[in-house]
Amino acid sequence: MSTQKTTFSGAVQLLPRTLVALAVTAVVAGCSVTPKAITADEVRDRVKSDTAKMYVDQAPISAPITMEEAVARALKYNLDYRLKKMESALAQGLTDYASYDMLPQMVASAGYRHRNNDSGGVSVGILDGEMSERPTTSDERSRTLRGIEFSWNVLDFGVSYYRARQQGDQFLIAEERRRKVVQNLLQDVRAAYWRALGAQRLNAQADDILQRASLAMSRSREAETQKIIPPGLALAYQRALLDATTLLNQRRQDLEFAKRELAALMNVPPGADFKVAEANETSLPGVPRDVTKLEEMALLQRPELREEDFRKRITADEARKQILGVLPGITLNYGRKYDSNIFTYNNNWSEGGVSLAWNLMRLVSLPALRDAQKYQEATDEARRMALSMAILTQTRVSAERYKMALEDFRLADQAAQVDTRLAAFTKASVTAKLDSELEAIRTQARAVLGQYQRANAYANAHIAFGRLYNTLGFDPIADDFDGNDLGKLTERVKSHLQATEKDAFALSSNLFGRAASVNVNLAGIQDPVQQVRMKALVTELLGRHHITTDAKDGVPLKLEFASAESNGVEKASWTVKLTDESGKPQQARFATTIPANARSSVYESSLVAALNANLGDIKSWLNVD
């Protein structure tokens, strides 16, 4: 019996060791990771998924693409712009997240404790040094613990505050980069569109001339072989014909590539064909005279320099954050706790305290920290100065390039007219002689080449104009178009392009908005108290978009409400009426449904919805950004 008991006791002692060994083996096996290569099927699935997502929710192309529609499609579907919007959204989310770091910590805890024997011990008298022989314990073998503790560190709060400010500036930097992408999109679409249109206009003529030139080359060689025309004349003619067709092919290829570039900017699926809509050649704006004023606009509006402004604030906040780290930290804490231990006299209790901690050794680093701050500020200033000089130079160069592009187009236009007249004269004076007919083909090829050169020069002039406009940092459209569908956005872009042609280089910043005020007039609302509340809502909403309300000198803005009840539902509408800067009456309508006997707040919400839906139109009519 004693042997059995001993064996059983030994087995019990070995059991925990066995369990520990098995647990360690399992953990080690689980931590062993074998590299696993990506399979071909996984790559194909990824390609298939990415390709499907690239072109999701895009409006199909059902008609020739106009300039304004090309810009609108680029703004809605371009993947680079989508990426910048997501980066801005991410930065905004991180800003919101960083603000929570300023809140105090509130930690809730719960647990269970067990030991296989009793804790406790004996004690020794301090005065007499005698040891008690009777061991005692004040802890149960098994007990539960619960608690909730509130703590707040003043130093952590200050650091979190400056970190949240820095993250907010990071969001603004992301917004400036998004602005730059929008500006570049307009520039790239403008360049690709006019080149693609020039190629499309001349493709049929080019195909006909190249075919005739190939036939003329064969006939010339045949005539040379049969000695119908002198060899020197035949070779000179062939060389001239080859020069003309080579240049024609080069110009044609340059312009043809523009259509593929335009398709990529609009995120058109590869292989999808489309046509560029015909457009009248608009008169290009004149060369700006006050380049100094343009330089001031560029320094005020360029996203790169505004990004540097935010970086300066980030640097200043970083310095303040580092200085806070040198100061002592004060921590306040308070909590409620519970212990199920039956030997405890008070199982529930509250406790709190204040603690002060100061790393005195960090004071030694304060001079080095101040020096580093000065160097960082000097570096930021030097970088900003270098960028400002580059922008000033870019503005001057862009203005000069635009001037030269206009001159190149003027010369190309004159040359194309001469080539066309020469080709017509040669064709009219052609005789039965072979050399006369071949010369007519050569001059016609040269005329088509002249048309290509003219189209290319006109496109270059538009590109130079767009580059100058882009250099000044002007936004092509107000940043509130995410909710617009393709048709609405196309109309807004069209209005912007027309305004640009009318007043190309308005010597005022579009970044901070032009001063605009309206005189709000509500119609269809009988309750005077509700009218006051609605006007306050309109004033607040428009004020967020740099539009003030002025009952005396403001532009009349009429908001007219109408409704009709049908089957227990009130069909309501708001009509927005305003006279634009040119004196042309404008209006837009917003329709909605309102439950019967609805509260006044429902009508106020419908007014806010109507204003938000037509805000882009209102700003366009007022010519504000």
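How many helices and strands does the secondary structure of the protein come to? The count is 14 helices and nine strands. The model shown in every view is predicted.

**Figure 1. The protein as a whole.** The protein has 625 residues, and buried residues make up 37% of them. Its accessible surface comes to about 37,000 Å². Carbon and sulfur atoms account for 56% of that surface. Now take the contacts between residues at least 6 apart in sequence: 78% of them join residues at least 24 apart.

**Figure 2. Helix 12, from end to end.** Helix 12 runs over residues 528-543, which makes 16 residues. From first C-alpha to last, helix 12 reaches 22 Å. That is close to the 22 Å expected at 1.5 Å a residue.

Figure 3. Five names mark the buried residues of helix 12: Q530, M534, V538, L541 and L542. They cover an arc of only 95° around the axis, so they sit on the same side of helix 12. Turned away from this buried side is a face with the exposed residues P528, V529 and V532.

**Figure 4. What helix 12 packs against.** The buried residues of helix 12 pack against strands and helices. The strands are strand 5 (516-523), strand 6 (547-549), strand 7 (555-566) and strand 8 (569-579). The helices are helix 13 (600-613) and helix 14 (615-622).

Figure 5. The structure holds eight aromatic pairs. One of them joins F465 and Y469, and this pair is tilted. The two rings are 6.1 Å apart, centre to centre, with 35° between the planes. Both residues belong to helix 10 (residues 434-471). F465 and Y469 are four residues apart there, so about one helical turn separates them. Both F465 and Y469 are buried.

**Figure 6. An aromatic pair between two strands.** The rings of F561 and W574 have centres 5.0 Å apart and planes at 50°, so this pair is tilted. F561 lies in strand 7 and W574 in strand 8, so the pair ties together parts that are 13 residues apart in sequence. F561 counts as buried at 10% relative accessibility. W574 counts as buried at 1%. The cut-off for buried is under 20%.

**Figure 7. A cluster of rings.** Which residues do ring pairs link into a cluster? They are Y193, W194, F409 and Y458.

Conventions. Residues are numbered from 1 along each chain as its sequence is written. This is a predicted model: local features need pLDDT of at least 70, side-chain atom pairs count only at pLDDT 80 or more; totals for chains, interfaces and linings use all residues. Side-chain values use heavy atoms; hydrogens and water are left out. The expected span of a helix is 1.5 Å times one less than its number of residues. Buried means under 20% relative accessible area, exposed over 50%, partly exposed in between (1.4 Å probe, protein chains only). The arc is that of the directions from the helix axis to the C-beta atoms. Contact means heavy atoms within 4.5 Å. Accessible areas come from the Shrake-Rupley method with a 1.4 Å probe; for residues, only the protein chains shown count as cover. Rings of Phe, Tyr and Trp (its six-membered ring) pair if their centres lie within 6.5 Å; planes under 30 degrees apart count as stacked, over 60 as edge-to-face and the rest as tilted.
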